[in-house]
Amino acid sequence: MIPSFILALWASGLLALISIGAFVWLSHEWMQRSWGWDPLAGVSVFSPDFGWDPTTGLFAGALALGLINLLGRFFVLGWLRIQKWPYRYSNPDPRHPPSPRSVEMVERPDGSQLRIYCYGDPDGEPLVATHGWGLSSEAWNYLKREIPHGCRLIVWDLPGLGESKGPVTGDYSLAKMAMDLDAVMAFAGKPCTLVGHSIGGMIIQTYMQTFPEKLRVRVRGAILVHTTPVDPVKTTSGSSYLLPLEGPLLAPLMRITIALSPLVRVLNWLSYANGSTHLTTKFSSFAGHESWQQVDFAARFTPRASPAVLAAGMLEMMRYDALTALPTVKVPVAVIAGNRDSTTLPEASGLIYGSIEGAVLHTLTPAKHLGYIERHASFHQLLREFWRDRRMEIG
């Protein structure tokens with residue numbers, strides 16, 4: 001998620017509230033009209049009369065809204081299952097990852113507790129993968145199944161997300177998370193290859209900016225996926241309209257989200273239940289070749305994430321700028337874009353590519369912001385080639 005997504009988060013939640021309110025009103029009106037007077041008993045009785053009349057219309061409307069509010073997710077998934085039938089084999093279910101070889105916890109001075117999962121060869125060269133904002137290490141489920149030969153895959157949950165505990169200071173800045181990445185790399189114990197999606201790529205670039213002296217010693221190379229070198233509002237679709245709203249609207253809305261986090265979390269669960277989260281995820285993050293399982297997998301992250309953590313991270317993203325440090329980067333870098341990514345436009349990847357000497361640029365087609373999931377086979381081929389080249393250089 002990037003700062004402008006706070007608008008979609010609130011819009012989806014408010015629509016869920018309106019839908020529930022309409023259900024309550026229609027149900028109340030139907031029940032009020034369904035009461036009648038029994039002159040023999042001398043009492044009011046509940047005697048609904050079903051037919052082609054306005055009262056039955058109220059009942060039908062209430063029933064439809066009730067089913068949508070409770071079961072809309074299953075209707076949407078059913079529609080997606082039919083629509084996405086051709087992609088059932090090319091995109092296997094990402095929802096069931098293999099078990100990790102080990103699960104570790106790294107304690108940080110600010111109170112953060114970073115959950116780390118290790119896969120592959122325990123003595124292999126480390127590949128440290130950092131997920132996007134609002135997601136968790138589960139976002140790398142495909143990579144966990146397709147680990148390059150001789151690789152020790154290390155994935156971790158960013159502070160406050162997944163199974164990681166956030167800082168007691170409330171600091172969710174990119175600089176803080178770059179220091180957390182440094183701690184994960186120290187845990188790895190060897191020079192690492194880094195891969196980061198969205199904010200994961202922003203954290204890697206901030207690491208390059210913060211620890212330039214460590215790059216040649218501790219980093220073999222970096223893969224920056226669907227990311228940006230500056231405030232992501234500047235490199236998203238509609239930035240010309242959204243940038244003027246950062247101060248007067250987006251930032252205050254994020255602070256309201258932090259204050260009302262329990263309420264927003266309820267709204268997120270309502271949106272997930274009625275299927276609107278699935279629809280938003282499908283159209284904003286996938287390019288049309290996704291499976292219904294991938295949509296369901298990606299949609300699950302939204303209600304599980306703390307709205308306060310999401311909003312705090314979004315506020316910090318608006319202060320992010322690593323562009324000036326990129327020309328000093330002297331490690332191999334691969335940049336991967338999605339040709340239809342509206343969250344971080346392909347031009348953002350081009351900006352990174354043009355700023356780092358020797359960088360290579362690849363574009364997944366068709367792909368949006370979760371292109372590394374939708375086009376996972378192509379993404380992993382690029383990753384394996386980058387990994388193989390780094391291994392050959394080491395050898």
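The model is predicted, with local features requiring pLDDT of at least 70 and side-chain atom pairs counted only at pLDDT 80 or more, while totals for chains, interfaces and linings use all residues. Residues are numbered from 1 along each chain as its sequence is written, and side-chain values use heavy atoms, with hydrogens and water left out.

Helices (H or I, at least four residues) and strands (E, at least two) are DSSP runs numbered from the N terminus. Strand β9, residues 333-338, is mostly covered, six of its six residues being buried, where buried means under 20% relative accessible area, exposed over 50% and partly exposed in between, with a 1.4 Å probe and protein chains only. In a regular strand, side chains alternate between the two faces of the sheet.

Two strands pair if DSSP finds at least two bridges between them. Strand β8 (residues 219-225) pairs with β9 in the parallel sense over four bridges, and L224 has V335 of β9 as its bridge partner. Strand β10 (residues 360-364) also runs parallel to β9, joined to it by five bridges, and here I336 is partnered by H362 of β10. From β9 the chain passes through helix α14 (residues 346-355) to β10 in a right-handed β-α-β crossover, a term that applies if, with the strands pointing away from the viewer, the path from the first strand over the helix to the second runs clockwise.

The expected span of a helix is 1.5 Å times one less than its number of residues.

| Helix | Residues | Expected span | C-alpha end to end |
|---|---|---|---|
| α5 | 199-210 | 16 Å | 16 Å |

Helix α4 is mostly covered, with 11 of its 15 residues buried, among them K176, D180 and D182. The residue that follows α4 is G189, whose phi is positive, near 80°. Helix α5 is mostly covered as well, with 10 of its 12 residues buried, including G200, G201, Q205 and Y207.

S112 lies in the loop between β3 (102-107) and β4, and its relative accessible area is 0%, so S112 counts as buried.

**Pockets**

On a 1 Å grid over the protein atoms alone, a pocket is an open set of points, reached by a 1.4 Å probe, with protein on both sides within 12 Å along at least five of seven lines, and lining residues have an atom within 4 Å of a point. The largest pocket has a volume of about 590 Å³. Of its 29 lining residues, M1, F5, T280, S284 and S285 are the closest to its centre. Helix α10 gives the most to this lining, with five residues. The lining of the largest pocket comprises 10 nonpolar, 19 polar and no charged residues.

The second largest pocket holds about 300 Å³, and S136, S137, E138, G162 and R304 are the closest to its centre among 22 lining residues. This second lining has 10 nonpolar, five polar and seven charged residues. In these classes Ala, Val, Leu, Ile, Met, Phe, Trp, Tyr, Cys and Pro count as nonpolar, Asp, Glu, Lys and Arg as charged, and the others, Gly among them, as polar.

Methods:
Points joined across faces, edges and corners; volume = space filled by probe spheres on them.
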